[in-house]
Amino acid sequence: MTSVANIPAVSSVPAAAAQILETVKTPAPRGAEILVRGLIKNGVETVFGLPGGAVLHIYDEIWRFRDEISHYLVRHEQGAVHAAEGYARATGKVGVALVTSGPGATNAVTGIATAYMDSIPLVVITGQVPSTMIGTDAFQEVDTFGVTLPIVKHSYLVKDVRDLEAIIDEAFQIAKSGKPGPVVIDVPKDITAMLCDNPRKLHAEYLFESKEETIDETALNLVVEKLINARQPIFYVGGGIVTADAANELMRVVETLQIPVTPTLMGLGGFPTAHDLCLGMLGMHGTYASNMAVSESDLLVAVGVRFDDRVTGKLATFASNAEIVHIYIDPSNIGKVKKAHVSLIADAKTALGKIAEKLAAADQTEISDGVKNRESWWLKVNDWRNSAPFACEYSQTEIKPQHLIEELYRVTNGDAIIVTDVGQHQMWAAQFYPFKRSRQWLTSGGLGTMGFGLPAAMGAQLACPDSQVVAVVGDGGFQMTNQEIITAIQYKIPLKVIIMNNGYLGMVRQWQEMFYDRAYSEVDLSISPDFVKLAEAYGAQGLRAEKPEDLKRVLEEGLNFKGVTIFDIVVSKEENVFPIIPAGQDTRNMILK
Amino acid sequence: MMNDEKALSSSFIVLSSSLKIMQHTISILVANEPGELSRIVGLFSARGFNIETICVGKTLEPAWSRCTIVTEGDDRTIEQIIKQCGRLARVREVRAVTKSPHIEREMALIDVSVSAGRERQEIMNLVQIFRAKVVDISHEKMILELSGDWRKVDTFIEMLKPFQINEVTRTGCVAINRLSPFETAEAETQTANAAA
Ligand SMILES: Cc1ncc(C[n+]2csc(CCOP(=O)(O)OP(=O)(O)O)c2C)c(N)n1
C-alpha cells in the first residue's frame with residue numbers, strides 16, 4: 001500500500017503506476033479527499049466558497065461528500081469569508097471558507113483581516129498553483145502565504161500530502177484555542193491530486209496539550225481584596241467576555257459587589273444593557289456616564305479588552321486616577337497600550353469564575369461594608385446617567401435613525417441577532433438596541449469593514465435558523481457586498497437587511513461636518529439604485545418606508561415575510577451620532593450635542 | 001504602595017519599565033519550516049522594531065532551529081517583542097538572553113590591504129592582541145578572521161581602520177546563558193504557546 005503514496009492521481013498517472021492502482025482494492029485517498037474528510041472530522045457542516053482551477057479536485061470531493069457537508073456558493077470571495085465570520089461569531093464555532101488561488105485568495109484578504117482584528121476563529125482554505133510551478137508567476141499565482149502573513153493567527157503552505165491531515169486538525173485547534181483567530185491553509189493543486197495512505201504527524205503535539213490554568217494565587221487574592229474595598233471601581237469589559245462565554249461569571253461578581261459595568265463595542269451583549277449595573281457602551285460614541293465613570297474611577301477592572309484607541313481617546317488621560325487590573329488571555333496584550341498594576345493572564349471565564357469563588361468564601365460583612373462604601377460613588381454615577389442619557393430623536397415628517405433602531409427593538413422584542421455594517425448606523429444600533437445576551441451583536445469592530453454586514457448576517461442566519469437575524473447597514477456599505485442577496489435567495493436563507501438610507505457615506509459626512517468646516521468631499525450617495533427594485537430583481541421582497549407612520553408597518557411586514565427582505569428605510573439625511581469624543585482627545589472632551 | 005506587588009511573578013506583572021534604550025539579545029526556538037522565519041521578521045517590522053543582527057541554525061532536534069536576534073529598545077519594547085514572538089504557533093520558547101549572565105559570540109571576516117614589511121607586522125601585532133587569525137594572504141592583502149562578543153569585533157575593526165579595509169562581513173550574534181550556579185538571576189523564559 002505504501003508504495004502508492006506519492007503517485008499523482010487522475011491526469012498524469014503513468015501507465016505502470018496505473019496498473020499498480022488497479023491491483024489495489026481500495027486505492028489510497030487523494031489529497032482533496034483527505035482535506036474534505038478532515039473538515040468533516042473537525043465537525044464542519046457548512047462551508048462558504050467559490051471554485052476555480054486550483055481547487056477543482058477539492059470541489060470534486062465537495063460534490064462527492066455533499067450529503068455530509070453543505071457548501072454555499074457565494075458570488076464574491078469576500079462574501080464567503082464574511083459569511084464564515086458571521087457563522088463563527090454567532091456560534092463560537094470555527095467558520096470555514098474555501099477559495100481558489102490568485103484572485104480568489106486576494107478577494108478573501110479583507111475578510112481574513114476582519115476576522116484577525118476581532119479574534120474570530122476561521123479556517124480559510126486557498127487553492128494554489130501546483131508545487132512545481134510555485135515561484136514561476138504561473139497563471140493565477142499569488143504568494144498567499146506571504147500576502148496573508150501579518151493578518152493570520154497561523155498559516156500553512158502544504159508541501160507534502162502526508163502532512164495534510166495533521167495540518168487540518170492543527171488548523172482547527174489553533175483557530176479556536178486561546179485567543180482565537182483566522183488560519184489560512186494554502187494547498188497547491190498537485191497536492192490535492194496525490195494519493196496518500198501514510199499520513200504523518202507534525203511535531204507540534206504541544207499545541208494540543210491541555211494547559212491547566214494557573215492563575216497566581218497571590219495576584220488573585222490581591223484583585224479580590226481591591227475589588228471588595230475599592231471606593232470608585234468600574235468594570236470595563238470587551239469581546240473577551242463573549243469569546244470565553246463568561247457572562248454568568250461576570251454577572252455573579254458584579255452583582256455581589258454592586259460595581260458598575262461598561263461594555264465596549266465588542267463586548268455588547270456580554271452584559272445585559274438594560275441591567276441596573278450597566279452604564280452602557282464606553283468609548284468614542286459611548287454614554288456620558290460610562291466615559292465619566294472611567295475617568296473618575298479609582299479601580300478599573302479591564303476584562304477581555306485591549307485598550308483600543310476608540311475607547312481610550314487620549315491615552316495619557318484615560319482612567320488616569322485608577323489602578324488598573326487587566327485580565328486577558330494573551331500576555332502580549334498586557335501592558336501593550338496601557339500599564340496594568342495587576343494582571344491575570346487567563347480567559348475571562350476562568351478568571352471571573354475564580355474571583356466569584358473567592359468572593360463566596362470571603363467575609364460577607366466585609367463585602368457588604370464595601371458595597372455601602374460605594375453608595376456615594378453610585379450617587380455620582382447616577383447623576384451622570386441622568387444628566388445625559390442617549391437621546392432618541394423623533395420627528396413628524398422624517399424617520400430619525402435612532403427611532404428606526406428603537407422600533408426595530410420593539411418589533412423584534414429585543415431578541416434578534418443584530419449584524420451591522422460600519423458607519424453611523426452601526427453606532428446607532430449599538431446605542432439604541434439594548435442587548436440581552438452574548439453573540440446577539442455581531443459587528444466589525446477592529447477593522448471596521450464596510451460590506452461586512454450583509455454576508456455576515458447570512459452566515460449567522462444559517463448558523464442560527466431558529467433566531468431572527470437582522471442586518472442593519474448603510475446605503476454605502478450595502479453596495480459593497482449586495483451581490484450576496486442572490487446567495488440567500490438560492491439557499492432560501494431568510495435574510496433581512498435594513499438599509500438605513502441617508503443618501504451619504506454618513507459617518508464620513510459627519511466628520512466633515514464637524515471637523516472639516518462642512519466641506520462634503522465625495523460623500524454624496526444621492527445617486528443610488530432604487531433599492532426596492534434591486535431587491536425585486538434578485539427575487540427578494542423590497543419594502544420602503546419614508547414616513548415615521550409607515551415605519552412599524554413596514555418592519556412588521558418584512559420581518560414576518562418568510563423569504564429575503566430588503567428594507568429601504570429613508571432616514572433624515574444629516575443626522576449626527578452623539579455623544580462623540582473627537583479622535584485622540586481626552587474622554588472628558590466629549591461633545592454631547 | 002506597589003512594592004509588595006513587585007515580588008509576585010508569572011501571571012502577575014508589574015512593569016518596572018526603564019525607558020533606557022539598550023541592546024538586547026533574544027533567543028527563539030522556532031520550527032525549522034519555511035515561512036516561520038519570515039513570520040518572526042514580519043512581526044518586528046510590523047511594529048517598527050529594528051533587527052540589528054539575526055542568526056539562525058539547527059538545534060539537536062532537526063525539526064527545531066534556534067534564532068538569535070539582537071535588537072534595541074527600552075524594557076517595554078523588549079517585553080513586547082518577547083511576548084509577540086511567544087504568540088506564534090511555531091515558536092516554542094523565547095528568552096531574553098541578556099537578562100542574565102551569558103556568553104555572546106560573533107565572527108567577522110575582514111579583507112584588508114597591507115603592504116609587505118612594517119605594515120604587515122603591525123597588523124600581525126593586532127592579530128595577536130585580539131587572538132584573531134589570518135585565513136588568506138596575498139602580496140597586497142590579507143583576510144582576517146575574528147570571533148568574540150560584538151564589542152570586541154567592533155574594536156578590532158576600529159583598530160584596523162588606519163589600514164585600508166576593503167570588506168567586512170559579520171555573522172551576527174549567537175548567545176547562550178552561562179552555567180554558573182552562583183548567579184541568582186534567572187533567565188526570563190516564556191514557554192510560548194499561544195494556542196494552548
Ligand atoms: C471598506 C471600507 N471603506 C471605507 C471605509 C471608511 N468609512 C467608514 S464609515 C464610512 C461611511 C459609511 O457609509 P454608509 O455605509 O452609508 O453608512 P452610514 O455611515 O451612512 O450609516 C466610510 C466610507 C470603511 N470603514 N470601510
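**Briefing: a helix, a ligand shell and salt bridges**

Just after helix 22 of chain A, Asp517(A) takes a positive phi of about 55 degrees; helices here are DSSP runs of H or I with at least four residues, strands are runs of E with at least two, and both are numbered from the N terminus. This is a predicted model, in which local features need pLDDT of at least 70 and side-chain atom pairs count only at pLDDT 80 or more, while totals for chains, interfaces and linings use all residues. Residues are numbered from 1 along each chain as its sequence is written, chains are lettered from A and ligands numbered from 1 in the order in which they are written, and side-chain values use heavy atoms, with hydrogens and water left out.

**Helix 22 of chain A**

- Gly506(A), Met507(A), Arg509(A), Gln510(A) and Gln512(A) of helix 22 are buried, where buried means under 20% relative accessible area, exposed means over 50% and partly exposed lies in between (1.4 Å probe, protein chains only).
- Helix 18 of chain A is included in what covers these buried residues of helix 22, contact being heavy atoms within 4.5 Å.

**Surroundings of the ligand**

- The ligand is surrounded by 17 residues, of which the closest are Gln424(A), His425(A), Gly448(A), Gly477(A) and Gly506(A); a residue is counted as near if one of its heavy atoms lies within 4 Å.
- Helix 18 (424–432), helix 20 (475–481) and helix 22 (506–515) of chain A each contribute at least two residues to this shell, and the largest share, four residues, comes from helix 20.
- By class, the shell has seven nonpolar, nine polar and one charged residues, with Gly counted among the polar ones.
- Met507(A) places a backbone N or O atom 2.9 Å from an oxygen atom of the ligand.
- On its own the ligand has 580 Å² of accessible area, and the protein covers 76% of that area, as calculated by the Shrake-Rupley method with a 1.4 Å probe.

**Salt bridges**

- Over all chains the structure holds 45 salt bridges, each being a side-chain nitrogen of Lys or Arg within 4 Å of a carboxyl oxygen of Asp or Glu.
- Side chains of opposite charge can pair when their charged atoms come close.
- In chain A, a network of salt bridges links Arg30(A), Glu33(A), Arg37(A), Asp60(A), Glu61(A) and Arg64(A).
- Asp308(A) and Arg306(A) also meet through their side chains in a salt bridge, at 3.2 Å from N to O; Asp308(A) is partly exposed, with a relative accessible area of 23%, and Arg306(A) is partly exposed as well, at 29%.
- In chain B, Arg92(B) forms a salt bridge with Glu61(B), with 3.6 Å between the closest N and O atoms. This pair links distant parts of the chain, 31 residues apart, with Arg92(B) in strand 4 (residues 91–96) and Glu61(B) in the loop between strand 2 (51–58) and strand 3 (64–73).
- Arg92(B) is partly exposed at 28% relative accessible area, and Glu61(B) is partly exposed at 41%.
- Lys83(B) and Glu79(B) form a further salt bridge, at 2.8 Å from N to O, and because they are four residues apart in helix 3 (residues 75–87) of chain B, about one helical turn separates them.
- Lys83(B) counts as buried at 3% relative accessibility, and Glu79(B) is buried with a relative accessible area of 19%.

How values were computed. Polar contact = N/O pair within 3.5 Å; in protein donor to acceptor, adjacent residues only side chain to side chain.
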